[in-house]
Amino acid sequence: MTLYRRLGRSGLRLFPLGLGTMQFGWTADEQTSFDIMDAYVEAGGNFLDTADIYTTWTPGNPGGVSEEIMGRWMKARGNRDDMVVATKVRGPMGERGSEGRGSLHQREGLSRRWIMKACEDSLRRMQVDHIDLYQAHWVDNQTPIEETLAAFTDLVQRGYVRYIGCSNYSAWRLMQALWASDRRGLESFVSVQPEYSLLSPTRANFEREQQRVAVEYGLGVVPWSPLGGGMLTGKYRRGQPLPDSVRAQENAARRFSDQNFDTIETLVSVAERHQAKPAQVALGWLLAQPAVTAPIIGANSVEQLRELLGTVQLQLTEEDLGEISRVSDWERARTEQEI
């Protein structure tokens, strides 16, 4: 029996692994995307995460393609009420994010004008009458947070959105939003979607302050890139050639370090003890961390997805978790130490 996990203090219950759909219409065609979602649901999955800008960086893609694929799949399967549908607003629409930028027709940001229009567009593309979790994709420095939260509040009151969350917010921005919601009587974020994995410095970037905000104020955490762009799958080894991956060069530039390779080697060792995969161990560690509800995984094939779904059956011991935590740990300043 699958244990569904509550998203913070909200009324949403999520499968322990969310399915990210960035690949849909980019590295996975529509039929493959349908097959992946079918396999996810067959395993008990119910949490689909997308964004309106997926995937504007692909030539000929104006954005919204992932949402459209999800919408056609839910309509074909007749399972909208079984799914928790999450999408995001903020990023620039149009191929390579260029549509209307810097003009009166700009299609990006967190202003009331754009949030209301973007929500209508997302609802239409996904062929649904409401969004379960509508998330600010990242901060908009041009718009007061009160305006953004007031627009989100209107959407909730109209029934178009059930809950609101944020992604890629720093701790102080998150606190600013929570304070504004409390002071103005506005809808409040129930979740945060950060980049969070075992890799250095990504782990430290989240745990320094954001994690403490989430724990203290009851926000659910749904990490993106929980496998560090594939670094934690075991495909990358110290001193070995790069694997065939669209992210290989990015990983080499951003994530190659002695500590990260030490972490990978520890994951491999723990995985061997459990007859599991390194990626499963990395996800299992995340699921044991405070406030984490459901790491968001992506897949280009059903085979990739099924391997990651094996995490749900994996039982890591306290010794396993401690070993992984130690090798991936980060140096704490006095302000970051627990008293």
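At 38% relative accessibility, R77 counts as partly exposed. In this predicted model, the side chain of R77 meets that of D38 in a salt bridge, with an N to O distance of 2.8 Å. R77 belongs to helix α2 and D38 to helix α1 (residues 30–42), so the pair ties together parts that are 39 residues apart in sequence. D38 is likewise partly exposed, its relative accessible area being 26%.

## Strand β5 and its neighbours

Helix α2, which spans residues 65–77, also takes part in a crossover: the chain passes from β4 through this helix to β5, and the β-α-β crossover is right-handed. Strand β4 (residues 47–49) pairs with β5 in the parallel sense, over three bridges. Within this pairing, F47 stands opposite V84 of β5. Strand β6 (residues 131–136) also runs parallel to β5, and four bridges join the two. Here the bridge partner of T87 is Y134, a residue of β6.

Strand β5 covers residues 84–89 and is mostly covered, with six of its six residues buried. In a regular strand, side chains alternate between the two faces of the sheet. In β5, V84, A86 and K88 lie on one side, while V85, T87 and V89 lie on the other, and all of these are buried. Both faces of the strand are therefore covered, given that buried denotes under 20% relative accessible area.

## Further salt bridges

The count of salt bridges comes to 25. One of them joins R254 to E250, whose closest N and O atoms are 3.0 Å apart. These two residues are four positions apart in helix α8, and so are separated by about one helical turn. R254 is partly exposed at 42% relative accessibility, and E250 is partly exposed with a relative accessible area of 34%.

R273 forms a salt bridge with E323, the closest N and O atoms being 3.0 Å apart. This pair links distant parts of the chain, as R273 is in helix α9 (residues 258–274) and E323 is in helix α12 (residues 318–327), 50 residues apart. R273 is partly exposed, with a relative accessible area of 46%, and E323 counts as partly exposed at 27% relative accessibility. Elsewhere, salt bridges link R107, K117, D121 and R124 in a network.

Apart from neighbours within four places in sequence, Q210 is in contact with Y169, S170, A171, P194 and N205.

## Nonpolar surface patch

W26, W57 and V246 form a nonpolar patch on the surface, and together they have about 300 Å² of accessible area. V246 is located in the loop between β9 (220–221) and α8 (248–254).

Definitions and conventions: Residues numbered from 1 in each chain as written. Predicted model: local features only at pLDDT ≥ 70, side-chain atom pairs only at ≥ 80, totals over all residues. Heavy atoms only, no water. Buried < 20%, exposed > 50% of the residue type's maximum accessible area, 1.4 Å probe, protein only. Pairing = 2+ DSSP bridges. Right-handed = clockwise from strand over helix to strand, strands pointing away. Patch = residues over 30% accessible without salt bridge, like charges linked within 9 Å, V, L, I, M, F, W, Y side chains within 5 Å. Areas by Shrake-Rupley, 256 points an atom, 1.4 Å probe, with all protein chains shown as cover. Salt bridge = Lys/Arg side-chain N within 4 Å of Asp/Glu carboxyl O. Contact = heavy atoms within 4.5 Å.
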